[in-house]
Amino acid sequence: MPKAKSGKVELLNVIKQFDGIKAVDNLNLTIEDGSYCCLVGPSGCGKTTILRMIAGHEFPTTGRIMIGGEDVTGLAPVERGTAMMFQNYALFPHLKILDNVAFHLKMRGVAKAARQKRAGEMLERVQLGHLASRLPAELSGGQQQRVALARSLITNPRVLLLDEPLSALDEFLRLQMRGELKQLRKSLDITFVHVTHTQPEALALADRIVVMDHGLIEQVGRPEDIFNFPKSPYVAKFMGGQNVLYGSVDAVDPGDQNRITVVQESGNKLSAGVGENRFKRGDPIKLSVRRDKVHILTDGQAESAECGFTNQITGQVAGIEYQGSYVKITLDCNGKEQFVINAPDAVFFKRPVDLGDHVAAGWPPDETIVLHGDKDSSSADMAAG
């Protein structure tokens, strides 16, 4: 397939209102040509509205949308060089697979032989050439998804838009299709914009993640940066894998202005590095630590500074969930926000804990991240799991 024109997407000061309510609020976003960008966030955050505006199925209330440097704000979908793959696949039940894939070319007046040849090539690309004469109802969910993908790609778009494309598949097929989508993006060298509410899906697929809430962008970055260095409690909670801790600055190390001591409401004290940020005694502060960096401590470790796990928290075991490679242990800490440890399965089963046990958990101070911003939405709590 020849390289299409640039698929760089720019949204400039975009606002979208429905009945006076802002679904997208003064959004500025650049998606580079040839990248795989995932828009992620809870239901109602505006991510699908953004996708539909890029496609031309919705128009901004104000602002502009650029594709490849061209202003496409008022253009119809067919004039934009985009293709959209819908969540429900939208296949025609009465048409054979070959004709489903060729449908867009038929609407553009392409001769039957030419469009069927092109459709056959696209089916071969998604490994379904041998099923060209079947009807959609005769295919599995994963096969139907590949047909929808082939139909979206047949027009040689510069931007492929995917609206929750994996949500209807079982876990095995989701994992398989994630790998195929990444390989397809690389081979086609076009821009993919993928909407999902599933954090592992975004982390696995994207080279750029946009975390959204209530029509606003909360953070944009590489998957590893979004996961390891969330900027706010909202992002830390929504993307999962992090514990969020609250307190106030108790002291600033006089010998190292980058090192502070934080005291929690319970009186528990934690140490954290703050980088270039500056705090003074009494400032409220929010911290996070990755769940897999936390260790259940023995009595000896809890009392010793030599183990390195000097940031500690205590609580009662409120939940234990075996996850295969790790065990998720949930602590109830003085009735406040729950604290989670993802312990390697071998470590847990060597020295297991039980529901109701009172335990100490610890981690190295350098694993503690300082968070910024006031956003601490309950929707993130529900989504993180």
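User: Which residues do ring pairs link into a cluster here?
Analyst: Tyr322, Phe348 and Phe349 are joined that way. Rings of Phe, Tyr and Trp (its six-membered ring) pair if their centres lie within 6.5 Å, with planes under 30 degrees apart called stacked, over 60 edge-to-face and the rest tilted. One caution: this is a predicted model, where local features need pLDDT of at least 70 and side-chain atom pairs need 80 or more, while totals for chains, interfaces and linings use all residues. Residues are numbered from 1 along each chain as its sequence is written, and side-chain values use heavy atoms, leaving out hydrogens and water.

User: How many aromatic pairs does the structure hold?
Analyst: Six of them. One is formed by phenylalanine 92 and phenylalanine 103, with 4.6 Å from centre to centre and 55° between the planes, which is tilted.

User: Which parts does that pair tie together?
Analyst: Phenylalanine 92 sits in the loop between β6 (82-85) and α2 (97-107), and phenylalanine 103 is in helix α2, so the pair links parts 11 residues apart in sequence. Helices (H or I, at least four residues) and strands (E, at least two) are DSSP runs numbered from the N terminus.

User: How does phenylalanine 92 count by relative accessibility?
Analyst: Phenylalanine 92 counts as partly exposed, at 27%. Buried means under 20% relative accessible area and exposed over 50%, with partly exposed in between (1.4 Å probe, protein chains only).

User: Switching to helices: how many residues of helix α1 are buried?
Analyst: Helix α1 (residues 47-55) has seven of its nine residues buried, so the rest of the structure largely encloses it. Lys47 and Thr49 are among the buried ones, including also Ile50, Leu51, Met53, Ile54 and Ala55.

User: What comes just after α1?
Analyst: Glycine 56, which takes a positive phi of about 95°.

User: At what angle do α2 and helix α3 pack?
Analyst: About 125°, with the axes of α2 and α3 (residues 112-125) 8 Å apart. Axes are lines fitted to C-alpha atoms, for helices over the stretch in contact, and angles run from 0 to 180 degrees between N-to-C directions. α2 and α3 are therefore oblique to each other; under 35 degrees is roughly parallel, over 145 roughly antiparallel, 65 to 115 roughly perpendicular and the rest oblique.

User: Which residues of α2 and α3 make the contact?
Analyst: From α2, they include Ile97, Leu98, Val101 and Leu105, and from α3, Arg115, Ala119, Met122 and Leu123 are among them. Contact means heavy atoms within 4.5 Å.

User: What about helix α4 and helix α5, at what angle do they pack?
Analyst: α4 (residues 141-153) and α5 (residues 171-188) pack at about 20°, and their axes are 11 Å apart. That makes α4 roughly parallel to α5. Leu149 and Leu153 are among the contact residues of α4, while those of α5 include Leu181, Leu184 and Leu188.

User: Last one, the whole chain: how many helices and strands are there?
Analyst: The chain has 11 helices and 20 strands. Of its 385 residues, 47% count as buried. Its C-alpha trace spans about 80 × 45 × 35 Å along the principal axes.
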